[in-house]
Amino acid sequence: MRKFKLNKENKDLSPTEAQIKRQKDFSRLHHDYEKLTKRGKKPLYKDPKLFILLFLLGLIAFLVFLEY
Amino acid sequence: MIRKKDIAKLTDSELVSLAKKKSRHFGLLYDKYFEQIFRFVFKRLGGKEYIAGDLTQQAFIKAMANLHKYEDRGFPFSSWLYRIAQNEVSMYFRSQKKVFTVEINENQLSSIVNEAQIGNYMSSEEQEQLIAMMNDLEQEHLDIIELRFFQEMSFKEIADIYSISEASAKMRTYRILEKIAKKWNEKQ
């Protein structure tokens with residue numbers, strides 16, 4: 001909740017150039033955006049289809065190893 | 001690859017189309033409007049730099065994430081950004097359990113006094129009374145008062161932010177001022 005208060009010194013409420021420069025950072029913004037949008041992406045081995053494929057390849061390799 | 005020389009010639013709609021294709025290109029809009037939006041948020045927070053910086057970044061992230069929903073309806077692109085920033089600030093005010101104080105100066109207060117026609121001169125005590133009265137207004141009404149008198153926006157700019165006509169923006173502002181004047185006269 002907000003309340004107004006009288007500023008009797010009449011001080012200027014505009015930001016200085018230094019403050020603007022300090023807060024302006026597109027790299028941080030882009031990084032935060034990427035983190036937000038790419039969040040929750042499953043690692044490859046957790047993909048059921050890929051898991052079966054990897055499992056089968058491993059099994060074939062194991063059987064070939066036993067054969068020789 | 002876009003050359004710097006070409007960027008200056010691009011319109012907002014062209015910049016938006018570029019940003020829709022590749023998120024990195026949103027940086028062009030960010031560069032163009034950061035200062036404007038930061039000043040707006042900074043003033044609304046009464047000069048709290050770091051909170052203003054965080055809320056501005058948050059507003060731009062939201063703009064970036066929702067850019068695909070943006071449609072050019074004849075309002076300037078900046079008014080869409082202002083609207084997002086305005087919502088961020090309002091959400092911030094609501095989230096604060098304690099009361100958040102916004103400082104206003106005497107010049108800004110006297111422009112309200114003049115517009116509401118509640119006298120020409122006010123003693124310090126009367127100024128404090130008027131502020132206390134304004135603090136009892138609904139937060140949505142305070143938003144409009146802030147935009148008009150503290151941010152010194154034109155009715156056209158306010159209208160663009162709320163996606164309403166200029167006449168409606170003017171009417172809303174004067175209704176609130178009438179309300180303030182009525183309350184003030186009742187108290188005197």
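User: Is Glu49(B) buried or exposed?
Analyst: This model is predicted, so local features need pLDDT of at least 70 and side-chain atom pairs count only at pLDDT 80 or more, while totals for chains, interfaces and linings use all residues; side-chain values use heavy atoms, with hydrogens and water left out. Buried means under 20% relative accessible area, exposed over 50%, and partly exposed in between (1.4 Å probe, protein chains only). Glu49(B) has 9%, so this residue is buried.

User: In which helix does the chain B partner of Arg22(A) lie?
Analyst: Residues are numbered from 1 along each chain as its sequence is written, and chains are lettered from A and ligands numbered from 1 in the order written. Arg22(A) forms a salt bridge (side-chain nitrogen of Lys or Arg within 4 Å of a carboxyl oxygen of Asp or Glu) with Glu49(B), the closest N and O atoms being 2.7 Å apart. The pair crosses between chains, from helix α1 (residues 17-23) of chain A. Helices (H or I, at least four residues) and strands (E, at least two) are DSSP runs numbered from the N terminus, and Glu49(B) sits in chain B's helix α4.

User: How far apart are the closest N and O atoms of Arg39(B) and Glu35(B)?
Analyst: Both residues lie in helix α3 of chain B, and being four residues apart there, they are separated by about one helical turn. Arg39(B) is partly exposed at 27% relative accessibility, and Glu35(B) is partly exposed at 34%. They form a salt bridge with the closest N and O atoms at 3.0 Å.

User: Which chain A residue forms a salt bridge with Arg39(B)?
Analyst: The closest N and O atoms of this pair are 3.7 Å apart. The partner of Arg39(B) is Glu17(A).

User: Which residues are joined into one network by salt bridges that share partners?
Analyst: A separate pair is Lys62(B) and Glu88(B), with closest N and O atoms 2.6 Å apart. Lys62(B) is in helix α4 and Glu88(B) in helix α5 of chain B, so this pair ties together parts 26 residues apart in sequence. Lys62(B) is partly exposed at 31%, whereas Glu88(B) is buried at 6%. The network joins Glu17(A), Glu35(B) and Arg39(B).

User: Which residues of chain B lose the most area to chain A?
Analyst: Contact means heavy atoms within 4.5 Å, and 49 residues of chain B are in contact with 28 residues of chain A. Buried area is the accessible area (1.4 Å probe) that two parts lose on being put together, summed over both; here the value is about 4000 Å², with 57% from carbon and sulfur atoms. Three residues together give 14% of what the chain B side buries: Ile61(B), Glu103(B) and Asn135(B).

User: Which element gives the most residues to the side of chain B that touches chain A?
Analyst: Across the interface, 12 residue pairs are in polar contact, both at pLDDT 80 or more. A polar contact is a pair of N or O atoms within 3.5 Å; within protein, one must be able to donate a hydrogen and the other to accept it, and residues adjacent in sequence count only if both atoms are side-chain atoms. Elements of chain B that give two or more residues include α3 (26-44), α4 (49-65) and α5 (77-95). With 11 residues, the top contributor is α3(B).

User: In β1(B), which residue is the bridge partner of Lys3(A)?
Analyst: Two strands pair if DSSP finds at least two bridges between them. Six bridges join β1 (residues 2-7) of chain A to β1(B), and the strands run parallel. Lys3(A) is bridged to Thr101(B).

User: Which residues does His30(A) touch, not counting those up to four places away in sequence?
Analyst: His30(A) lies in helix α2 (residues 26-37) of chain A. At 7% relative accessibility, His30(A) counts as buried. The residues touched are Ser23(B), Arg24(B) and Met64(B).

User: What pattern does chain A follow along the sequence?
Analyst: Chain A has three helices and one strand. Of its 68 residues, 19% are buried. The pattern reads β-α-α-α.
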